[in-house]
Amino acid sequence: GPLATGTLYFNPPEAMVCLFFYYFFAETWFGSLFTVIVELVDPEVQATVIALFLFFMNQIGGNLPIIVTPLHIWLHDYRFALCLVWPGFLALSSLLFLFSAAPLYWKHLLQRNSEEDEQVLVIEQIE
């Protein structure tokens, strides 16, 4: 995102301001995320699902920095390698989130349309 790019682009202290706001917005989604996870799964497995989610999130996100050094060697530019990994993967995850949310939105539209059709049928039967 723009704040991650600003952190890498600007010199201190402007970079620290971008980093502060980046972390402020990056950490606020955890509450919503865990609420959704808890609401989607059975109470017997909630703790296990949250533990597995955190484990896999840390395995994937925690190990991504190991690709910065090969990119730095290949591109001969450390800052650009960091921009590809940090803001680049952030943008990629945003696109993946958008694509994964689209089927849920379409399902919601189909359910709403079928409910409206049922209401029309009930009204027609009453008349």
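## A pocket and a nonpolar patch

The largest pocket has a lining of 36 residues, and W29, M57, F89, L90 and S93 are the ones nearest its centre. This is a predicted model, in which local features need pLDDT of at least 70, side-chain atom pairs count only at pLDDT 80 or more, and totals for chains, interfaces and linings use all residues. Residues are numbered from 1 along each chain as its sequence is written, and side-chain values use heavy atoms, without hydrogens and water.

What is a pocket here? On a 1 Å grid over the protein atoms alone, it is an open set of points where a 1.4 Å probe fits, with protein on both sides within 12 Å along at least five of seven lines; lining residues have an atom within 4 Å of a point. The largest pocket holds about 1500 Å³ of space, a volume filled by probe spheres set on the points.

Helices (DSSP runs of H or I, at least four residues) are numbered from the N terminus. α1 (2-9), α2 (14-27), α3 (29-40), α4 (46-63) and α6 (78-126) each give at least two residues to this lining. Which helix gives the largest share? That is α6, with 13 residues.

Now to the surface, where I66, I67, F89, L92, L95, L96, L98 and F99 form a nonpolar patch. Two residues can be set side by side, with exposed meaning over 50% relative accessible area, buried under 20% and partly exposed in between (1.4 Å probe, protein chains only).

| Residue | Relative accessibility | Class |
|---|---|---|
| F99 | 58% | exposed |
| P70 | 46% | partly exposed |

F99 sits in helix α6, while P70 belongs to helix α5 (residues 68-75).

Technical notes. Patches are made of residues with over 30% relative accessible area and no salt bridge: like charges are joined within 9 Å, nonpolar side chains (Val, Leu, Ile, Met, Phe, Trp, Tyr) within 5 Å. Accessible areas come from the Shrake-Rupley method with a 1.4 Å probe; for residues, only the protein chains shown count as cover. A salt bridge is a side-chain nitrogen of Lys or Arg within 4 Å of a carboxyl oxygen of Asp or Glu.
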